Amino acid sequence: MRFFRPFFAVGVLLSGRTLAWDHVDDTGALKEALRSNEHTLVAENSQALEPEWTLLRQNEGEDDVVSVDCSATPKDCEELGVASFPAIRLYHHGGKLDRYRGPRKAASIAGYLRRALRPAVSRISGRNATSFTAADDLVFVGHFVASDATLRDRFTALAHKYRDRFSFAESSEPHPLQQQQHPRQSVVTCYNNPDGLQRSTAELASAAALDNFVRLCSTPLIPELTRRNELSFYQTGKSIVHYFTHDTAERDAYAAEMRPLAQKYDEYLHFTTTDAGEYADAAAAMGLPYGAGGLAVQNPNNGDVFPWPRDGRRGPVTAAAVEAFLVDIIQGAVKPWRPGSGTGQGKGGHDEL
């Protein structure tokens, strides 16, 4: 049985007519869903959402995922308070409303709906702990000592705050850290399943410690670099392996290919992706054609950049090829690029990362 039925009816409200969407003809279907279902997901249109919504319908069943055109029934949308676009909201039976702030991806939306069926903090033990920690991209599990009521309350508050993005649970069993080193301290563990990472901490005394731990664990191993977060990468002193692309699927494939390499060199390098169209000037500053995709290595400490050669001499951008490129840079076999010089390759100064 698909998880939408009988708990969810899913509706899309559009700001204007879009022929690619497959709307239900009966515009009362959405109102009926709000009245009769425990939860109803409502999303306002965005261009990027359409292919993801189509994929969601294919994966979960077209009968369970429906859409309604607001331009045809504006009064229905006014009654729901639809005023800004794009947005995704979860309406609960009885009038409660939650806003979904996660990625506009089919898998992320499906994960959000599954989390909505669970308590903000689940209770797990040895029998179901393994399946729970693998059931979502980001999972946080608290192992609390009986006297640590304040930390448990902070954990619960964070679970309510982030339940649209992450899963939270409290385990009834002690953590290995408690058994070996910290028997009187609570321990929180995070499981970052896409990156294959697991972290645990018992350093939770400060009020900000738990928030910081959630932020650390939820940062992807290969994040997208934007104007909002770029400073955080440049302040660490690590070199940055940039990858510019116009295509989301290409970005995901690159991240999957480079993830083991990013984990191997995490102490020394940041691996990031960047939208080549939105940040065309940044690509040009890295020695790549303006607005084009490609890879470049940057040392923020001395300003050196090393663009991936576009003449094909190094072949496609694979993890093995990129690692060889990095080794050549460290050994001085690749010269840093300078404006007007083209892509620098060959023996030169020893410009290490």
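This is a predicted model: local features need pLDDT of at least 70, side-chain atom pairs count only at pLDDT 80 or more; totals for chains, interfaces and linings use all residues.
**Exercise 1.** Locate the salt bridge between arginine 338 and aspartate 304 in the secondary structure.

*Solution.* Step 1. Helices (H or I, at least four residues) and strands (E, at least two) are DSSP runs numbered from the N terminus. The protein chain has 12 helices and 13 strands.

Step 1. The closest N and O atoms of arginine 338 and aspartate 304 are 3.3 Å apart. Aspartate 304 belongs to strand 13 and arginine 338 to the segment after helix 12, so the bridge ties together parts 34 residues apart in sequence.

Step 2. Aspartate 304 is buried at 4%, whereas arginine 338 is partly exposed at 41%.

Step 3. This is one of 11 salt bridges in the structure.

**Exercise 2.** Describe the aromatic pairs Phe140–Phe168 and Trp308–Phe325.

*Solution.* Step 1. Rings of Phe, Tyr and Trp (its six-membered ring) pair if their centres lie within 6.5 Å; planes under 30 degrees apart are stacked, over 60 edge-to-face, and the rest tilted. This rule gives seven aromatic pairs.

Step 1. Phenylalanine 140 and phenylalanine 168 are stacked, with 5.3 Å between centres and 15° between planes. The former lies in strand 6 (residues 138-143) and the latter in strand 7 (residues 167-171), so the pair joins parts 28 residues apart in sequence. Phenylalanine 140 is buried at 1%, and phenylalanine 168 is buried at 2%.

Step 2. Tryptophan 308 and phenylalanine 325 are edge-to-face, at 5.2 Å and 75°. Tryptophan 308 is in the loop between strand 13 (304-307) and helix 12, and phenylalanine 325 is in helix 12, so this pair spans 17 residues in sequence.

**Exercise 3.** Determine where the buried residues of helix 5 (residues 126-133) lie around its axis.

*Solution.* Step 1. Ala129, Phe132 and Thr133 are buried. Their arc, taken from the directions from the helix axis to the C-beta atoms, is only 85°, which puts them on the same side of helix 5.

Step 1. The face turned away from that side carries the exposed residues Arg127 and Thr130.

Step 2. The buried residues pack against strand 5 (122-124), strand 6, strand 7 and strand 8 (187-192), where contact means heavy atoms within 4.5 Å.

**Exercise 4.** Identify the elements that supply the largest nonpolar core.

*Solution.* Step 1. A nonpolar core is a set of buried Ala, Val, Leu, Ile, Met, Phe, Trp, Tyr and Cys residues joined through side-chain atoms within 4.5 Å. The largest has 24 residues, and Phe271 and Leu295 have the most contacts inside it.

Step 1. Strand 10 (239-245), helix 10 (248-264), strand 11 (269-275), strand 12 (294-299) and helix 12 (319-330) each supply at least two residues. Helix 12 gives the most, with six residues.

How values were computed. Residues are numbered from 1 along each chain as its sequence is written. Side-chain values use heavy atoms; hydrogens and water are left out. Buried means under 20% relative accessible area, exposed over 50%, partly exposed in between (1.4 Å probe, protein chains only). A salt bridge is a side-chain nitrogen of Lys or Arg within 4 Å of a carboxyl oxygen of Asp or Glu.
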